Amino acid sequence: MVRTHIKRFLIFGLFLVSLGGFGLHFLIHSPSKVAYGYVPFCAGLISVILIPVFFSFKRTLHLAHLLNGFTAIIGIITMGYYSLVMRPLYPDLAFLLSKFVIGRAIFEFELYQNLDTQMSAPGWKIIRYPNMGFWYVHLVVLSVVYALGHMLWTR
């Protein structure tokens, strides 16, 4: 009973953080003003509607974790780039980092029923899903792909 109550609070917190980020991005990147505004709009809808619902069910827990992680990583990479070249967006990055951390907390809370369970794997398994190394590798690789794409296509 207590676990269910805590899980509901975490999912509600994820919903509120996602809703705040969605509202902020809707004001800045309105889809009616610019065409690229549809990307944060769609990612925001996924984050506000689908991901909390998917985290609510044990069957869709892994899908929710993957969607939450990849939307956060893609947002961190693109907003990190714009923070470097245009204007500082560091408070916006905090929304994404907190979104990722809350999602990770829900995932581990649900996946590891016994909270004393060893969560990290030895050796190369550390970079395999569902370990945190998986997310670090994807953050680095997707950042490199984004940087190479920017360097090659903006000439």
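**Helix packing and aromatic pairs**

Author: Helices α1 and α4 pack with their axes 10 Å apart, at an angle of about 155 degrees. This is a predicted model, in which local features need pLDDT of at least 70 and side-chain atom pairs count only at pLDDT 80 or more, while totals for chains, interfaces and linings use all residues. Residues are numbered from 1 along each chain as its sequence is written, and side-chain values use heavy atoms, with hydrogens and water left out.

Reader: How are the axes and angles defined, and which runs count as helices?

Author: An axis is a line fitted to C-alpha atoms, for helices over the stretch in contact, and the angle, from 0 to 180 degrees, is taken between N-to-C directions. Helices are DSSP runs of H or I with at least four residues, strands are runs of E with at least two, and both are numbered from the N terminus. Angles under 35 degrees count as roughly parallel, over 145 as roughly antiparallel, 65 to 115 as roughly perpendicular, and the rest as oblique. In this structure α1 and α4 are therefore roughly antiparallel to each other.

Reader: Is the crossing of α1 and α4 left-handed or right-handed, and how do the residues of their contact divide?

Author: A crossing is left-handed if the near helix is turned anticlockwise from the far one by less than a right angle, and right-handed if clockwise; α1 and α4 cross in the left-handed sense. For the classes, Ala, Val, Leu, Ile, Met, Phe, Trp, Tyr, Cys and Pro count as nonpolar, Asp, Glu, Lys and Arg as charged, and the others, Gly among them, as polar. The contact of α1 with α4 then comprises 11 nonpolar, six polar and five charged residues.

Reader: At what angle do α1 and α2 cross, and which residues make the contact?

Author: The axes of α1 and helix α2 (residues 38-55) cross at roughly 170 degrees and come within 9 Å, which makes α1 roughly antiparallel to α2. Contact means heavy atoms within 4.5 Å, and the residues that make it include Leu-14, Phe-15 and Ser-18 of α1 together with Ser-47, Val-48 and Phe-55 of α2. By class, this contact of α1 with α2 has 13 nonpolar, four polar and one charged residues.

Reader: Where does Ser-18 lie, and what does Ser-18 touch?

Author: Ser-18 belongs to helix α1, which spans residues 2-28. Setting aside residues up to four places away in sequence, Ser-18 touches Ser-47, Val-48 and Lys-99. Buried means under 20% relative accessible area, exposed over 50%, and partly exposed in between, with a 1.4 Å probe and protein chains only; Ser-18, with a relative accessible area of 6%, is buried. By contrast of class, Ala-105, which is found in helix α4, has a relative accessible area of 34% and is partly exposed.

Reader: How do α3 and α5 cross, and which residues make their contact?

Author: The axes of helix α3 (residues 61-85) and helix α5 (residues 132-153) come within 10 Å and cross at roughly 40 degrees, which makes α3 oblique to α5. The crossing of α3 with α5 is right-handed. Among the contact residues are Leu-66, Phe-70 and Tyr-81 of α3, and Phe-134, Trp-135 and Tyr-146 of α5. The contact of α3 with α5 holds 12 nonpolar, six polar and no charged residues.

Reader: How many aromatic pairs are found in the whole structure?

Author: Rings of Phe, Tyr and Trp (its six-membered ring) pair if their centres lie within 6.5 Å; planes under 30 degrees apart count as stacked, over 60 as edge-to-face, and the rest as tilted. A search of the whole structure finds 12 aromatic pairs. Phe-70 and Phe-134 form one that is edge-to-face, at 6.2 Å centre to centre with 75 degrees between the planes; Phe-70 lies in α3 and Phe-134 in α5, so this pair ties together parts that are 64 residues apart in sequence. Phe-70, at 25% relative accessibility, counts as partly exposed, whereas Phe-134 is buried at 13%. Phe-70 also pairs edge-to-face with Trp-135, at 5.1 Å centre to centre and 65 degrees between the planes, and Trp-135 is buried with a relative accessible area of 2%.

Reader: Which residues do the ring pairs link into a cluster?

Author: The cluster consists of Phe-70, Phe-100, Phe-107, Tyr-129, Phe-134 and Trp-135, linked by ring pairs. Tyr-129 is joined to Pro-130 by a cis peptide bond, with omega about 10 degrees, and Pro-130 lies in the loop between α4 (90-111) and α5.
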